[in-house]
Amino acid sequence: MKKIFIALLSIVLLSTGCDDIDFGDTDQNVNGPAEASTSALLSGAITNFSTRQGRPYRITPTLNVQYLVQLVYNQEMLYADGAGFWQSYYVQTASNCQTVIDICNDPEKATDPTVLANGAIENQKAVAMIFKSVIFKRVTDLFGDVPYTEALNSDILTPVYDDQKKVYEGMIADVKAARDMINTSAAGPTGDVIYMGDMVKWQKFANSFLVSLGMQVTKADAGMAQSTVTEALNHSAGVLEDVADDAIYTFDVANDFPNPWEWMRPADYGVSAEFISALRGDGFTSNTTYDERIQYVAADPSLDGLPYGYKTYEADNSPVAGVIYAADTRLPLLTSAYTYLQRAEAAAHGWTSEDAGAMLKMGIMNSYAKGAAVYGVEIGDGAAYADARVADMATAAGGALQVIAEEKWVDLFPLGYDAWSEWRRTDYPKLTPAADAINDGKIPRRYNYPSGEASLNPTGYDKGVAALNPGTDNNTSRFWWDK
Amino acid sequence: MKKIAIFLSILLFMGNLVANAQTKTLTGTVTSAEDDAPIPGVSVSVKGTTLGTITNLDGGFELKAPDDAKTLVFSFIGMKVQEVEIGSQTSFAVALESDMIGIDEVVVTALGISREKKTLSYAAQDVKAEQLDISGNANIKSSIVGKVAGVQMVGQPGAKLGENGTGRLRIRGAISLTSDADPLYVIDGIPVDDPNAVDMGDVESVNVLKGPNATALYGQRAEYGVIMITTKKAKQGGISVEINSNTTFDKVAYLPEYQDLYGQGYDGEDEWTTLNYDAGFAGRAYPEEWSIFDGRRFVYSGYADESWGPAFDGEDYTPWYAMWPESPYYGETRKWEAQPDNIKDFYDTGVTMKNSISISGGGEDFTGRLSVTNLNQNGIMPESEYKKNTISGAFDFDVTDKLQVGVNFNFSKSFLQGDFADGYSNQTTGSFNSWFARDVDMSKLKELKNLQTTSGYHASWNYWGPFYSTYFGTEKGAFWFNPYWYLQEYRNERDRIRLLADVHATYNFNENWNVKVNASTNLYNYKQFWKVPYSIEAASDPHLYNTWNSGFGNTRQMEMENNYNAMVNYQNEFGDFDIDATAGTTYRTNEYDRFRANMPTDSKTQGLVLPDVYTYSNTKLPVTAETYKWEKKVVSAYARASVGWRDMVFVDATYRQDWSSALPEGKNGYGYPSIGSSFIFTELIDDDSILSFGKLRAGWAQVGNDLAAMRLNQVYPLSSSPYMGSPQMYTNTQMVDPNIKPSLNTSMEFGFDAKFLNNRAGISFTYFNEVREDEIIPITMSSATGNTSFLTNAGKSKRDGIELVLDGTPVQTDDLVWNISVNFGTSNPVVEELPGGLTSMNAPGGTDDWGNVRVVHELDGDWGQLRGRTIRTDDNGNYVINAATGTYAYDTDHYYGSILPDFTGGIYNSLTIKKLVNISASIDFQKGGKFFSLSEMWSGYSGLTAETAALNNNGKNIRDAIEDGGGVHITGVDTDGNPYDGYLDAVTYFAQFQDNAIATPYVHDASYIKLRDVSVTVNLPRKWMSNVFINSASVGFVGRNLWMIAVADDNVHGWDPSELSEAYGENAGLPGTRSYGFNVKLTF
């Protein structure tokens, strides 16, 4: 008996020196994949970016450009100055793209057959780089200086906030590199849920997106803007010119990936009187012609809508067209219509030899065609309306640039992000701040940095705030390109 | 405790039953001096020998003793030892006197090791069944509250039934920066997460091991303390049958104070609008059946779920149920009057019936006990019920005089139905205390729960009103259904099966050596099915504000834990030294496996195709099933040695090493020691008439803790369903430190125990000081890193405090015995270091449904503080007011103070009158701690609470117009520091707290004093039963939650801080109840 006791005691005492017992695969996690799939990560990034829902992610910019009014719950419409959110852009979205890029850059992984099965490495990497820049344009256009060069890196817990100019230079360089890396004769990425691996279209997308990147910095750095735009327009691969080339995300309703607008309560929103007026040609913009695109904006185009920015309303609302809320309505991410309108602006600046009027007309007609395709409404080809708007270029107070900016505003509905970026840059359409604003009475120019940044990354946060004008973290402060 | 002692006595005398050749036979009976009742299990031994026996069920014994035997020793735990000269007697009648405090008591400590309480070097407070189960409480956790120093109950809304509402216990406050979890419960050696796996009626005693000093041998699982539960075991000799029957009634008793002056609406008297049938409304014609309402007055905002409407004037108006031709009250009017008790009236009287029968008995070499319990509850929530059947058994068998084997098992099966949601926006408390009207008549809601509108929709009190109904063209409810109807339609059924089983064997090699082995299992099976029928979908209006789809969900979950233990024990005496040592090893396996497939309930695209057919082939969109499983194994080795010198000084040391499969490969083992000592100084004092017993004790201990399974082996998350046929993959949100290691708590504890006046009074005092370093913490990171957190070792926290237990018997006569026990505990956890330069981090405890407050650790501050916006004050403490609007200026991120109380405690009294009547009562209390009430905020916002219709300093109702002297009187300073004195209209005043998320008026002090349990038990005199089978009978009357004696002054609505459903406070919780009941107990 003593032997047993001594044996047991020895186990206990000796065990202090024994650091490890082999438990085999007990702790193995069988609830998901241990290995990354470049295909599923890429499509996951695109899906996550396209299906964000909730009022801060979906609605605020749509209100800032006065497409809609909020009827009951109206903090966003009245410019509540609360913290913004960027987690859904960095985490599980841009981080997905970065992981794909890292795998493609890893010589060992990049030659693994399971990775190669997801498309040619250069094409996988190119699409991931382009889409990462799409995400970062959204982030920097919302906040200003943001973590970029040191972001998405597990080794850096407090990434530096890069100057917005540096972020733009980085995105432009990345998109150019990606465009030039594309091998149109090799297989495209299987995770590409936008063009289904059509690399010719991705090259066009890259050029169109470069035009957008360049145009966005017009006020801050005209030289950088012009060189970026013209380089892309002159590139042999061309830009998006056909509605069939439009980058459109398709929702999979059957598998519970519905259009995030479906989540909105129709009773909470209406079309603004301003937007209705613009579409009817009633004087809110330089337009004087009835715009058939009103059919996918307002449920009943005969209603006048409510003026933007009041705490309570007495008059009748103009409900938003049902198609906007429909679960299967597709999401245009970047289109030929918008690209033509950018080309019109480039021409109006004198950066190209293209005819601004012709480009405007193409933009409007492609916008009509896109509307018909995405929203399934019969609105004609828009040629007559386009001609009228081309004519307006001569008479509008702000000339061609005003008409082009106003047409971008109409075209981009209901995607507030790009429309808001355009408005902040061009000041068109002319908007009046909400009468019952709860901030300091100005239309927001940005989102406040996310709560937590001040304590989690104080050095970066302080630098980002200091770069604002004025240097306070408010939604009315301006950043680099928003002069 | 007594039964443990019996069991131990059996073990001790096992080897001594062999008859001696030259003997005489001694017989006799042993009774209690207190009540003359026979005492089974008393050890009877011949002094100076190892010969002995124990008494049978009737207190009788028969012992063959050597002819030269001189003295018999009678001993029994809890009784004074008595020695009787044998002389020529062969028959003995011995009456044992109670040893009130029981210093020789044996308690079950970590790993089931029985120890004499006096030798322990740490505080261990044991509570016996009669103190625990005063009022027939079905919840073992809440029955512990108030009886053990330093134990607090959290998260227990009393109105919840079954496993849903058992809350959790908090021992010595908290210390972990990331967790505020339940202690480990151990039932007869089987670790479980819920002590209610056994029925309270089967519980013999509970021993609470509070800190690392007591729990070191349990190791990693014991970081929040251990509650050891010992169940009843059989007595040797004869067969005893016990029947228990309990019936309890629960009535809703504690609700906020409501106003009864104003009814439904947003806009006061302006709400009254006359219906002009011919004119229609907003260009739309009224339905034909409403022509009879022409010229009648209606509340314009008929859909309002707030009570800012017109004052009750006793005049006629047309209520919701008069609108629909199918109603028996169609076209009728009623008076515009308050329904003061409408919310209270909603709830049913809860009924709990528990019946149990147990049979126990044994012979010379076996004992067995079997019990069957049936519990049947109907909750206060309409349509709610809980049923549970438990069978438990404990059998021990002496195979030889050296080998004993035994088996314990406990099998229970329960069924729970009902909706007990207690968060914002649920259909009962989440609406009654946030969105409701003071004029709604509950009896009509109940009577007309199946009423339909003209077009056949569910008719709700919250319909849009005649005007908006016509405008929107809808007959459906705006936000809310009739709650009776909803609870009738919605089903949520949960079935649980739990099996605890243990087989054990002890082999005694000789009086010094024995080996014990056991294997146990804890198997838990959970099944849930819920359904939302088509009727609810049809009654919802997704285009407006009420989105529901029909659907259902199923969950299947299996959890199993197995433990295999082997332990060698050695005991011996060497002169003045006693040695008691143990070495052992444990192998533990845990398995978890869950399968579930739930449909959403707020989707506009999902739903059932064929109405009310709850199969997965009948869903509009495919439903993705979700599986989740894990496994964990832990191997442990431990040793313990205790050395005693002259029964006066004891030194105790333990060491334990754990290897966990959840820790990094290559370094998954870690160990931790403890050492303690006790000194019984009264051994040095001859005169024990005043100080009968005194002990000093001190100890130092470490306890480690590891990770949950799979934390190091992350997988890439996938979307919950495939997109276009392919799963979507995402990067992980948490980065994990590959060098993560177990963290250690280091604890010091010292104290003393003393007994006075022949053990009539006792005191036990403990001071503890515990430090926790390098805890495994998910550090929140800037999400720009691509992750949201980093799991690593970081931080430091500390707690210290005292525990004090006083007990005594102030009166002890033949007619009256009064026992009292008082306990008191403090704990002061502070946060000394936080990871990565953080000055604050989220604490366990979360945030309310509207994010008004959050539980946050402040560096160098108290553990777990409520943090939120507050009304700004100037240096003199005046409120700062925005002069332009008249509303309060506010500051963000204000620390309101810790959610943990400064101290907790309880008082237990027991009066026994003429040995026939016992009156017991327990009071518990706590001082300090903060909580937030979301209900109070919303019911202020919606004009429901009394303060929304109070009088101001002008004697006018605050709802009156400011120009008429009404409005809320606001004083303070403006933002420039000038004095401010003004009035603000009541709606704006109460709305500002929600609009600006200012928590100040709704954060309260959580102090309380409460009479928790009362019982009056009458033991029927034995002589009444002399001619029947019945051995004893008693009848008891019980009450629970009868009296909230006091709450803090700022807790104006009297929320019960001991029954808050969340750590941060109240989140639309279920109301408090008072319970009354009776029980009958018979033994045969």
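The exercises below concern the cavities and some helix pairs of a predicted model.

In this predicted model, local features need pLDDT of at least 70, side-chain atom pairs count only at pLDDT 80 or more, and totals for chains, interfaces and linings use all residues. Residues are numbered from 1 along each chain as its sequence is written, chains are lettered from A in the order in which they are written, and side-chain values use heavy atoms, without hydrogens and water.

**Exercise 1. Determine how many cavities of 30 Å³ or more the structure holds, and describe the largest cavity.**

Step 1. A cavity is a set of points, on a 1 Å grid over the protein atoms alone, where a 1.4 Å probe fits but cannot get out. The search of the whole structure gives 16 cavities of 30 Å³ or more.

Step 2. A volume is the space filled by probe spheres set on the points, which are joined across faces, edges and corners. For the largest cavity this volume is about 530 Å³.

Step 3. Lining residues have an atom within 4 Å of a point. The largest cavity has 34 of them, and Asn137(B), Ala138(B), Asn139(B), Gly158(B) and Gln377(B) lie nearest its centre.

Step 4. Strands are DSSP runs of E with at least two residues, numbered from the N terminus. Among those of chain B that each supply at least two residues of this lining are β17 (239-254) and β23 (366-378).

Step 5. Ala, Val, Leu, Ile, Met, Phe, Trp, Tyr, Cys and Pro count as nonpolar, Asp, Glu, Lys and Arg as charged, and the others, Gly among them, as polar. The lining of the largest cavity has 8 nonpolar, 17 polar and 9 charged residues.

**Exercise 2. How are α2(A) and α7(A) oriented to each other?**

Step 1. Axes are lines fitted to C-alpha atoms over the stretch in contact, and angles run from 0 to 180 degrees between N-to-C directions. The two helices, α2(A) and α7(A), pack at about 25°, with axes 11 Å apart.

Step 2. Angles under 35 degrees count as roughly parallel. Therefore α2(A) and α7(A) are roughly parallel to each other.

Terms used: On a 1 Å grid over the protein atoms alone, a cavity is a set of points where a 1.4 Å probe fits but cannot get out, and a pocket is an open set with protein on both sides within 12 Å along at least five of seven lines; lining residues have an atom within 4 Å of a point. Helices (H or I, at least four residues) and strands (E, at least two) are DSSP runs, numbered from the N terminus. Angles under 35 degrees count as roughly parallel, over 145 as roughly antiparallel, 65 to 115 as roughly perpendicular and the rest as oblique.
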